[in-house]
Amino acid sequence: MFYDSFDTWWWPFVFIMLAAWLPTSMWRWAGAWLIGDIDEHSEVLVAVRCVATALVAAVAAQFIFFPTGALADFAMPVRAGAAVVGFVTYVVTKQNMIAGVLVGEAILIAAYLAA
Amino acid sequence: MTFMSPADPPTVEDNGPIYDWSWFPRGMAKILSIPALILLSAFIGFGGLAREVGLPLEQVMFMVPLVWALPSHLLLVGGIVTGLPWPFIALTVMLAAIRMMPMVMALVPEIRAPRTKPWHLFAVSNMVAITPWVHTLAVASEIPRRGRLPYFMGFAATMMLATTSVAALVHQLAATFPPVLMAALYFLTPIYFTMATWKTTRVLAEKLALGLGFALGPLFALVVPQANILVAGFLGGAIAYGVHRWQKSRAV
């Protein structure tokens with residue numbers, strides 16, 4: 001059950017497959033199966049894209065609001081503020097990703113230097 | 001005259017090869033793009049993290065292209081460090097990876113050719129992750145039908161190879177980063193995901209879905225901490241779609 005349960009060369013690989021590969025890729029296979037012959041102009045796809053978009057955003061928010069590792073040492077308002085300002089920069093600069101990333105990262109690093 | 005369906009007018013594509021593989025190298029070339037470079041930077045962070053927690057090189061090179069989803073990678077490594085049994089890690093990975101299902105469903109109608117077999121789609125679905133998904137959705141309409149799947153494969157396969165190489169290289173160099181740099185690299189993943197997804201939105205409702213998912217996710221963490229991503233995603237998506245229907249009904 002645990003990463004170090006078995007002292008064999010192959011167990012960590014099986015562990016990776018069970019803990020991360022299957023629970024990720026099963027959704028990919030389910031998507032390929034469910035889509036069937038649905039037309040690309042179908043109204044169903046608008047709903048599907050809405051859910052996909054909201055899910056990606058929720059995952060992103062998870063990594064900003066509940067981070068692990070070095071990012072967790074930054075205060076929550078700093079993380080959230082840097083993310084939101086970076087994103088707004090991206091939108092107002094007509095989707096300039098470099099600008100959005102640099103502004104977000106600059107705020108994060110500025111907060112670190114100021115602390 | 002041959003019969004022409006409205007969805008796939010060019011019936012000439014029904015003859016000859018299923019795919020136009022000349023689009024594969026054109027997909028590969030997209031490794032030189034801003035999103036690809038941002039993702040590669042995020043994998044510098046992942047290589048450093050894997051090294052720090054003591055994962056051996058071969059396991060890093062195994063998990064990067066096989067799992068092929070950075071949030072899943074991070075949850076896996078986090079779970080290993082915490083010493084969780086695999087069913088616990090699998091559950092959190094599963095909840096965070098549900099997005100793959102609607103992502104694949106949105107991509108397939110864009111990239112399939114008239115004679116694409118179901119098993120082609122199952123095979124290709126394993127390469128679906130944010131970066132190739134966003135990029136392919138954005139450019140699909142400019143590519144002939146038979147070239148879209150090869151284009152997607154060319155881009156995704158090159159990204160898989162490049163991210164694996166970067167993570168392995170960082171791991172081998174035993175580069176130790178100051179914590180602030182690790183934090184900055186780690187921070188890249190969520191902000192890049194949000195910006196990249198914004199690019200795929202076509203109607204106002206999808207932009208609304210993005211905002212709702214981002215706001216409801218942390219909010220529901222206070223109520224249903226284990227299932228907040230799931231609830232925020234489906235509820236946010238449903239509200240956004242409801243707004244879309246309401247807009248349409250008013251327009252008529």
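Begin by selecting L45(A), V48(A), R49(A), V51(A), A52(A), L55(A) and V56(A) in helix α2(A), which meet P102(B), M103(B), M105(B), A106(B) and P109(B) in helix α6(B), where contact means heavy atoms within 4.5 Å. The residues of this contact divide into 11 nonpolar, no polar and one charged, with Ala, Val, Leu, Ile, Met, Phe, Trp, Tyr, Cys and Pro counted as nonpolar, Asp, Glu, Lys and Arg as charged, and the others, Gly among them, as polar.

This is a predicted model, in which local features need pLDDT of at least 70 and side-chain atom pairs count only at pLDDT 80 or more, while totals for chains, interfaces and linings use all residues. Residues are numbered from 1 along each chain as its sequence is written, chains are lettered from A in the order in which they are written, and side-chain values use heavy atoms, with hydrogens and water left out.

Next, show residues 43–65 of chain A and residues 100–111 of chain B as helices: α2(A) and α6(B) pack at an angle of about 135 degrees, with their axes 8 Å apart. That makes α2(A) oblique to α6(B).

Then move to the largest pocket and select F63(A), F66(A), T68(A), L75(B) and Y186(B), which lie nearest its centre among the 36 residues that line the pocket. The elements giving two or more residues to this lining include α2 of chain A and, in chain B, α10 (179–200) and α12 (228–251). Finally, select α4(B), from which the largest share of the lining, eight residues, comes. The lining of the largest pocket divides into 24 nonpolar residues, 11 polar and one charged.

Technical notes
Axes fitted to C-alpha atoms, helices over the stretch in contact; angles between N-to-C directions. Helix = DSSP H or I, 4+ residues; strand = E, 2+ residues; numbered from the N terminus. Parallel < 35°, antiparallel > 145°, perpendicular 65-115°, else oblique. 1 Å grid on protein atoms, 1.4 Å probe; cavity = no way out; pocket = protein on both sides within 12 Å on 5 of 7 lines; lining within 4 Å.
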